[in-house]
Amino acid sequence: MEENWKDYYHKGLAAFITIAMCILFFFLLFRFDRIQAYARMIMKILRPFAFGAVIAYLLSPVCNWFERRMAEFFDLEKRPEETARKLKKLFSGISIFLSLFLFCFVIYVLVAMVVSQVFSSIQMLVNSMPGYIVTMTSWLENLVREDAFLINYVEQYSEQILNGVQDFARTQLLPNINNIISGGSISVLTLLVTVKDLVIGLIVAVYFMNSRRLFAHQAKLVVRAVFSPKEDLKEDRMQAADWILKEADIINDYLGGFIKGKLLDSLIIGLICMIFTSIVDMPYAVLVSVVIGVTNIIPFFGPFIGAIPTAILILVVDPVKCVYFIIFILVLQQFDGNILGPKILGNTTHLSSFWVLFAILLFGGVFGIVGMVIGVPVFAFFYQLVREWVFDRLKKQKQKKETAKPVLKKESS
């Protein structure tokens, strides 16, 4: 009787789950817009927590470094247990404060440099544009001086372009330059909301960093509780929990090591570019260096994304220095790709150039710039999972063949 009841229970549960999944599929198919709106609303509410989690994840190594240095300086291992525990707690708070202060200081310096440089660069570009057009016109006239028909066209259209640029600069761009820069693509309200989310994200990051070891321990407990061993599947269940924790460590190494190493690599590249552009008195030196450093975070395509617009800016001002800049970028990227990058990152992803390009295009097309940054380490993780599965299957097949050979020999004898 008890076995029949259990059989009915399992059949009823399976039927209920099937009906529930059908209803869920119906809503996903015919109410997708509404579900998408709810998902956006939830993501908007949780955005400060996402900011805080990302900030805490990036600053955790810095915080750990401060803690280790202070522990070594005060010799915590030689102190009494109670005193060491109190000092460790104090050092944790100081390390969190120093990490966040360093993060805010770097962001402030970058924003101050970029904003001031953008203002001065746009004003300089607008004021110099008529001269650039006159220079370009003279170059075109010298190029086609023997053809009177082409010279008339060059003179006619160059005069129209010059008058149009001057009118636009006087009446549109310069009087409204502040509004154009501050509200070119985002509204003031959106900017304030983003700043609010960032501030809340910094507060959330404090809690994340303060409880990072507790959260990691709780996550391990949850995994082992969900995959708790049973009597008949004890070995497999234990292997499943250990496998999940091992793979979590691997993706943390892939993602964390790649992003943190790439940030350091891009910072060094930006500083080298700033030193070079300052020495040779390159136009827009600060702006060019910041663009080169930021875009260098994107693997493979980053150097081209940053070099093309900055080279065009320099070309408008000084074509000769633009040639020097292009040569310098080629040398710099060779240095980064063959010496600096491998030294900082090592071969953390274990991916060939083909799969790196594939990952950037795939994740970049789906998730945009963020996808281009995280696409390589995330794809490397899935590639490693498939690789482990393939080798595991081949190993098991080889073991089956080896165990089957003695059986065949006995039967043949």
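This is a predicted model: local features need pLDDT of at least 70, side-chain atom pairs count only at pLDDT 80 or more; totals for chains, interfaces and linings use all residues.
Local features need pLDDT of at least 70 and side-chain atom pairs count only at pLDDT 80 or more, while totals for chains, interfaces and linings use all residues. Residues are numbered from 1 along each chain as its sequence is written, and side-chain values use heavy atoms, with hydrogens and water left out.

Trainee: How are α9 and α10 oriented to each other, roughly parallel or roughly antiparallel?

Mentor: Helix α9 (residues 285-295) and helix α10 (residues 302-317) have axes 8 Å apart, at an angle of about 165 degrees. Axes are lines fitted to C-alpha atoms over the stretch in contact, and angles run from 0 to 180 degrees between N-to-C directions. Because angles over 145 degrees count as roughly antiparallel, α9 and α10 are roughly antiparallel.

Trainee: Is T310 buried or exposed?

Mentor: T310 lies in helix α10, and T310 touches V288, V291, I292 and F325, not counting residues up to four places away in sequence (contact: heavy atoms within 4.5 Å). The relative accessible area of T310 is 3%. Buried means under 20%, exposed over 50% and partly exposed in between, with a 1.4 Å probe and protein chains only, so T310 is buried.

Trainee: Which backbone oxygen does the side chain of T310 reach?

Mentor: The distance is 2.7 Å. The backbone oxygen belongs to G306.

Trainee: Which residues does L357 contact, leaving aside its neighbours within four places in sequence?

Mentor: L357 is in helix α12 (residues 353-367) and is partly exposed, at 27% relative accessibility. L357 and F300 are 57 residues apart in sequence and 7.2 Å apart in space, C-alpha to C-alpha. Leaving aside neighbours within four places in sequence, L357 contacts F300 and F301.

Terms used: Helices (H or I, at least four residues) and strands (E, at least two) are DSSP runs, numbered from the N terminus. Angles under 35 degrees count as roughly parallel, over 145 as roughly antiparallel, 65 to 115 as roughly perpendicular and the rest as oblique. A polar contact is a pair of N or O atoms within 3.5 Å; within protein, one must be able to donate a hydrogen and the other to accept it, and residues adjacent in sequence count only if both atoms are side-chain atoms.
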